[in-house]
Amino acid sequence: IPEPFRGELVAELVQCATIARGLGARDVAFVATQPLRQAVDARAVVVAVEAASGAPLHVLDHAEEGLLNLLGAMAGRPIEAPLAVVDIGGGSSEVVVVEPGARARAGALAIGGASLTRDLVNHDPPTAEEMAGLRTAARTHLAGAPSGAPGVILAVGGTSSNLVKIIPAAQRDRVLTPRRL
């Protein structure tokens, strides 16, 4: 993460820690995802953030990120039916599959919306051939997802939020279906 971006990141996180402590937070910690997982200087960024903010910065692995997605999506509600939680990011995607009474299984896919687009799309809008290539690549990478037969898939994160914004029917009920997509 080159300067000046590293400095901006550190300053922003120092401000967040200061605000949190001002609101009464006793313990402050930060987590990072794909951008820091892939950064060659991730350790230097972690050291700079921790030194400036006094708060630890943990770079999540894919499984940790997926399990936190599950915790956030369920908000403490029990798992009552087979479920998958999917977070399609820019450079990677996390998938967690869980059934009632069973341990959650987390997996990572080495693809995201931005990486697929960067690698396979040269037109706006994408051509039919590019769309077919995107589908093929996505299906190929899905082989790395945890096995299961979820009755419901919860999509979390920015990609799903943006899909809801551009699909008129989903704006009413926040439900994405194959037909709507």
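Guide: Ala, Val, Leu, Ile, Met, Phe, Trp, Tyr, Cys and Pro count as nonpolar, Asp, Glu, Lys and Arg as charged, and the others, Gly among them, as polar. By that scheme the lining of the largest pocket has 28 nonpolar, 11 polar and four charged residues. The model is a predicted one.

Visitor: What makes a residue part of the lining of the largest pocket, and which residues lie nearest its centre?

Guide: A lining residue has an atom within 4 Å of a pocket point. For the largest pocket 43 residues meet this, and Val86, Ile88, Ala155, Leu163 and Leu181 lie nearest its centre. Two or more lining residues come from each of strand E3 (83-88), strand E4 (93-98), helix H5 (113-120), helix H6 (128-142), strand E6 (152-156) and H7. The space in this pocket is about 1,700 Å³.

Visitor: Why is Ser160 called buried?

Guide: Buried means under 20% relative accessible area. Ser160 has 8%, so Ser160 is buried. Ser160 belongs to helix H7, residues 158-166. Leaving aside residues up to four places away in sequence, Ser160 touches Ala155 and Leu176.

Visitor: What makes E3 and E4 a pair of strands?

Guide: Two strands pair if there are at least two bridges between them. E3 and E4 have six, in the antiparallel sense, so they pair. A hairpin of four residues joins E3 to E4.

Visitor: How do you know that E4 also pairs with strand E5?

Guide: The cut-off is again at least two bridges. Five bridges join E4 to E5 (residues 105-109), and the two run antiparallel, so this too is a pair. Val95 has Gly107 in E5 as its bridge partner. E4 and E5 form a hairpin with six residues between them, and in the turn Gly101 has a positive phi of about 75°.

Visitor: Which residues of E4 point one way and which the other, and are they buried or exposed?

Guide: Ser93, Val95 and Val97 point one way, Glu94, Val96 and Val98 the other, and all are buried. E4 is accordingly described as mostly covered, with six of its six residues buried.

Visitor: What makes the contact of Asp41 with Arg6 a salt bridge?

Guide: A salt bridge needs a side-chain nitrogen of Lys or Arg within 4 Å of a carboxyl oxygen of Asp or Glu. For Asp41 and Arg6 the closest N and O atoms are 2.4 Å apart, so the pair qualifies. The pair links distant parts of the chain, 35 residues apart: Asp41 is in the loop between helix H2 (34-38) and helix H3 (42-53), and Arg6 is in helix H1 (residues 5-22). Asp41, at 17% relative accessibility, counts as buried.

Visitor: Why is Asp119 called exposed?

Guide: Exposed means over 50% relative accessible area. Asp119 has 53%, so Asp119 is exposed. Its salt-bridge partner is Arg118, with the closest N and O atoms 3.4 Å apart. Arg118, at 60%, also counts as exposed.

Visitor: Why are Arg180 and Asp173 called partly exposed?

Guide: The class covers values between 20% and 50%. Arg180 has 26% and Asp173 has 39%, so both are partly exposed. Their side chains meet in a salt bridge at 2.7 Å, N to O.

Visitor: How many salt bridges are found in the whole structure?

Guide: The search finds seven. Arg37, Glu65 and Glu94 are linked in a network of salt bridges.

Conventions: Residues are numbered from 1 along each chain as its sequence is written. This is a predicted model: local features need pLDDT of at least 70, side-chain atom pairs count only at pLDDT 80 or more; totals for chains, interfaces and linings use all residues. Side-chain values use heavy atoms; hydrogens and water are left out. Buried means under 20% relative accessible area, exposed over 50%, partly exposed in between (1.4 Å probe, protein chains only). Contact means heavy atoms within 4.5 Å. On a 1 Å grid over the protein atoms alone, a cavity is a set of points where a 1.4 Å probe fits but cannot get out, and a pocket is an open set with protein on both sides within 12 Å along at least five of seven lines; lining residues have an atom within 4 Å of a point. Grid points are joined across faces, edges and corners, and a volume is the space filled by probe spheres set on the points.
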